Amino acid sequence: MAASTGTYVGINCKCEGFTQQDALQIDLAAGRAKQFATATQQKLGSWGPDVIAALKHHFKIDTSKARGIGTVYQDNWIQYIASVYRKMVSDFIGGMTYILGGDWNPMTWPGACSGNPAFTVRVNPKAIHLNRSFVQSGSSGNMWSWALLHEQAHFASRNSPGGFNSIADYAYFDDTKKYLRLSTDQALHNADSFTNFAKELLDPGFDWDRETAGY
Ligand SMILES: [Zn+2]
């Protein structure tokens with residue numbers, strides 16, 4: 001017998017269409033994703049050597065090289081990065097809704113994340129969709145939390161001028177060669193740059209040199 005599904009209101013989010021067991025796990029993962037966003041925002045204010053390295057890796061911002069007007073640009077970029085994490089935190093506090101995707105192939109939908117079995121529609125999103133393959137992938141470690149953080153970056157950028165989410169997918173971290181070639185402007189509008197910037201600062205298992213070896 002299939003487990004019953006419905007709307008589950010958890011501590012961190014509302015889940016629609018999932019089994020209660022999956023909804024509980026998603027709620028836990030959303031809670032951790034919220035912690036990741038909060039901790040990243042705090043770290044950004046600390047200016048530690050880890051922050052300086054991660055800014056260079058994921059946003060191509062080299063704080064040691066800025067001179068004159070360049071420092072103004074850098075300050076603006078860093079303010080903007082902080083504002084994205086701040087928006088993620090406030091969206092979590094406001095209450096997120098996660099909806100189970102159907103059996104159709106949502107990869108063909110605008111806003112689909114090919115590197116992530118989840119998607120956020122590009123225009124005026126009200127919720128984040130998680131596909132069946134997301135649920136079936138299992139919630140080992142913090143995998144779901146990082147995937148939710150990726151979607152949260154798209155979601156945080158909604159209602160930008162023109163109506164589209166301003167944070168898109170220019171390159172996934174797994175596509176390392178392409179990821180390393182992103183310009184600062186592209187990285188500032190790339191969901192995986194926000195996810196992996198946070199990962200480098202917070203996940204002791206993330207080793208930049210090892211992850212990018214061979215490129
Ligand atoms: Zn994406």
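Analyst: The dialogue below moves from the whole chain to single residues. This is a predicted model, in which local features need pLDDT of at least 70 and side-chain atom pairs count only at pLDDT 80 or more, while totals for chains, interfaces and linings use all residues. Residues are numbered from 1 along each chain as its sequence is written.

User: How many helices and strands does the protein chain have, and in what order do they run?

Analyst: Helices (H or I, at least four residues) and strands (E, at least two) are DSSP runs, numbered from the N terminus. The protein chain has 9 helices and 5 strands. From the N terminus on, they follow the order β-β-α-α-α-β-β-β-α-α-α-α-α-α. The radius of gyration is taken over C-alpha atoms, and the globule rule is 2.2 Å times the number of residues to the power 0.38. For this chain the radius is 17 Å, close to the 17 Å that the rule gives for 215 residues, so the chain is as compact as a globular protein of that length. Its C-alpha trace spans about 65 × 40 × 30 Å along the principal axes.

User: How do the strands pair, and which are the edge strands?

Analyst: Two strands pair if DSSP finds at least two bridges between them. Here 5 strands form an open sheet with mixed pairing, in the order E1-E2-E3-E5-E4. The edge strands, E1 (5-9) and E4 (118-119), each pair on one side only. E4 and E5 (residues 128-130) run antiparallel and are joined by 2 bridges. Phenylalanine 119 stands opposite histidine 129 in E5.

User: What share of the residues is buried?

Analyst: A residue is buried if 20 or more other C-beta atoms lie within 10 Å of its own, exposed if 12 or fewer, and partly exposed in between; C-beta atoms are placed from the backbone. Buried residues make up 38% of the 215 residues in the protein chain. One case is threonine 120, in the loop between E4 and E5, which is buried, with 27 other C-beta atoms within 10 Å.

User: Which helix shows how burial is read along an element?

Analyst: Helix H8 (residues 191-202) has 12 residues and reaches 17 Å from its first C-alpha to its last. Of its 12 residues, 11 are buried, so H8 is largely enclosed by the rest of the structure. Its cover includes helix H1 (20-44), helix H3 (69-94) and helix H5 (143-156).

User: Which residues touch the most other members of the largest nonpolar core?

Analyst: A nonpolar core is a set of buried Ala, Val, Leu, Ile, Met, Phe, Trp, Tyr and Cys residues joined through C-beta atoms within 7 Å. In the largest one, of 45 residues, they are Ile26, Ala30, Leu149 and Ala153. Two residues are in contact if their C-beta atoms, placed from the backbone, lie within 7 Å. Leaving aside neighbours within four places in sequence, leucine 149 is in contact with Ala33, Phe36, Ala37, Thr195 and Ala198.

User: What is phi like in tryptophan 47 and lysine 60?

Analyst: Most residues other than glycine have a negative phi. Tryptophan 47, in the loop between H1 and H2, has a positive phi of about 55°. Lysine 60, in the loop between H2 and H3, has a positive phi near 55°. Tryptophan 47 counts as exposed, with 12 C-beta neighbours inside 10 Å, whereas lysine 60 is partly exposed, with 18 other C-beta atoms within 10 Å.

Terms used. Expected span 1.5 Å × (residues − 1).
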